[in-house]
Amino acid sequence: MIKRLSLLLVVALAALLSEAQPITAGQHTRVETVYGTIEGYKDGGVFTFKGIQYAKAERFMPPQAPDKFSSIRQCKVFGPQAPQGESLKWNDRNSQTDYGFGNQFVTEPMDEQKCLVLNVWTPGINDGKRRPVFVWIHGGGYTGGSAHDLPCYEGRALAEAGDIVVVSLNHRLNVLGYADLTGLGGKYAQSVNLGQQDIVKALEWVRDNITRFGGNPDEVTIGGQSGGGGKVSTLMAMPSAKGLFKRAIVQSGSTLRQASPEQTRPFGIAFALELGQPATADADFSKFTYDELNYAVTRLAQRGIRSGFSPVVDGDILPQHPFEPASPVSKDVPMLIGTDFNEFTFDISRDMTWDEAEAVVRQRQGDKADQYIAAFKKAYPNAEPKEMTYVDTGFRAGAVRQAAAKAAQGGAPAYLYLFTWKPESNALGASHGMELPFMLHNVSLQREMTGASEKAYKFEKLISSIWIAFIKTGNPNVKGLPKWEPYNEQTGVTMVLDNKCEPRQHHDRELMQMSRSIW
């Protein structure tokens with residue numbers, strides 16, 4: 001009798017949960033892509049598809065279109081991550097500096113052959129509607145991360161809030177995605193920028209299939225934060241990506257320059273020799289495990305031969321540096337560019353006097369300390385003393401210079417922001433990635449970052465509406481926000497995003513002139 005009652009309670013609870021947020025799958029959640037039919041599920045009002053293969057690739061070779069398939073393919077769980085060192089995965093860390101970077105619930109395996117996957121969230125499928133599309137590119141530099149690395153990367157809430165289609169993707173990383181092997185010649189002539197080539201293939205998949213998911217292939221916005229912002233910056237200078245997106249968002253990852261072949265090709269040659277292979281097109285890397293490849297990279301680094309895994313201005317796939325000057329490839333692409341006030345800091349909770357703060361600055365800046373102190377006080381006259389010790393200048397400098405390069409091009413506009421909102425419960429302030437839960441409409445999924453306070457939820461509505469407006473129109477102006485003018489060298493407008501938003505004109509110019517770009 002007790003067992004029967006327990007079973008009835010379980011059934012009743014399941015029914016209540018289902019009624020509150022029904023999750024269904026079946027024939028009505030199927031989409032026929034150009035490669036075959038896939039089945040997802042409906043989560044409330046949003047159709048969800050995970051782990052869709054968008055390309056295939058042999059090791060160190062450019063990606064190719066995936067094979068067609070005849071049976072219905074289930075796409076209900078996130079696909080494998082790109083291989084990466086465990087030290088690059090932020091799971092299982094626990095300190096005052098870790099507030100959710102690293103999804104403790106991530107269970108996806110790392111798989112070199114199956115990591116070229118993407119995910120789609122959409123309010124409608126096969127409905128004839130043509131919604132704007134937002135393609136999100138994860139951070140982690142060029143070496144780590146995944147489309148499910150953070151809880152707030154989930155695309156459901158943003159798709160529902162904006163009536164848009166949200167796409168996220170995985171691509172090859174580190175030695176597999178960004179080693180330059182072109183110095184070996186022959187079949188390795190295009191073995192460079194492979195991670196970027198993967199992203200282009202994902203954008204081609206979006207172009208060819210997104211209409212069936214209720215999206216408009218002519219209204220695609222790409223966006224990314226940190227390393228994802230670097231990838232977006234680089235895509236804007238790649239001819240193969242031209243026409244695959246209409247707008248671009250760069251968050252804390254503005255990249256002006258990339259590596260040169262003179263810097264990267266020697267590594268590829270040394271890498272082959274370290275593995276006992278000829279430094280020619282006859283080199284065969286297929287017989288080695290991923291760990292063996294990494295051990296070779298480590299041994300080379302110990303001898304002073306560093307890989308510096310990143311995109312390369314190879315003259316073909318990436319013909320020029322992305323923003324020195326701005327590439328003509330993306331002249332007509334409007335941009336939303338910005339950074340966080342603190343970026344990388346460790347603990348901003350301790351109060352300081354001006355004397356204490358200035359002592360810290362003098363230790364860091366040396367003979368430039370007086371100039372730095374004066375520039376900071378001019379930029380932020382109402383700031384607390386401690387803020388002078390952790391204000392970011394490197395990421396911000398890159399964003400300002402990227403916006404200036406875009407404006408000088410005389411094409412589509414660039415809108416510049418500075419995210420200064422600080423959660424009451426977080427000692428890290430407006431640090432690296434703090435805007436993510438807000439712009440992705442996922443404050444509730446990243447409570448440890450945001451505090452999930454009433455102010456946080458109110459701010460979420462404003463910030464996500466700004467991103468949605470830009471995704472839909474290329475203009476971030478929304479109700480409740482002061483007029484936001486595009487950046488130009490004369491006015492230098494930056495929109496400060498906080499509980500009270502305000503546009504400021506060249507407010508920190510002197511401070512930025514003392515800084516260098518991070519990316």
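**Pockets, a helix pair and some backbone details**

In the second largest pocket, the lining divides into 13 nonpolar, 6 polar and 6 charged residues. Nonpolar here means Ala, Val, Leu, Ile, Met, Phe, Trp, Tyr, Cys and Pro; charged means Asp, Glu, Lys and Arg; the others, Gly among them, are polar.

Ground rules next. This is a predicted model, where local features need pLDDT of at least 70 and side-chain atom pairs count only at pLDDT 80 or more, while totals for chains, interfaces and linings use all residues. Residues are numbered from 1 along each chain as its sequence is written, and side-chain values use heavy atoms, with hydrogens and water left out.

Back to that pocket. The second largest pocket holds about 470 Å³. A pocket is an open set of points on a 1 Å grid over the protein atoms alone, where a 1.4 Å probe fits, with protein on both sides within 12 Å along at least five of seven lines; lining residues have an atom within 4 Å of a point. Points are joined across faces, edges and corners, and volume is the space filled by probe spheres set on them. The lining counts 25 residues, with Thr345, Arg364, Thr389, Tyr390 and Val391 nearest the centre. Helix H8 (residues 354–365) gives the largest share, 4 residues. Helices (H or I, at least four residues) and strands (E, at least two) are DSSP runs, numbered from the N terminus.

Now the largest pocket. Its volume is about 580 Å³. It has 24 lining residues, and Phe341, Glu387, Thr420, Lys422 and Asp498 lie nearest its centre. By class, that lining has 10 nonpolar, 5 polar and 9 charged residues.

How do H4 and H5 pack? Helix H4 (residues 194–209) and helix H5 (residues 227–235) pack at about 75°, axes 11 Å apart. Axes are lines fitted to C-alpha atoms, for helices over the stretch in contact, and angles run from 0 to 180 degrees between N-to-C directions. H4 and H5 are therefore roughly perpendicular, a label for 65 to 115 degrees. Gln196, Ile199 and Val200 in H4 meet Lys231, Thr234 and Leu235 in H5, with contact meaning heavy atoms within 4.5 Å.

Salt bridges: the count is 27. The rule is a side-chain nitrogen of Lys or Arg within 4 Å of a carboxyl oxygen of Asp or Glu. Arg130 pairs with Asp218, closest N and O atoms 3.5 Å apart. The two are 88 residues apart in the chain.

Last, the backbone. Asn193 has a positive phi, near 55°.

Definitions and conventions
Angles under 35 degrees count as roughly parallel, over 145 as roughly antiparallel, 65 to 115 as roughly perpendicular and the rest as oblique.
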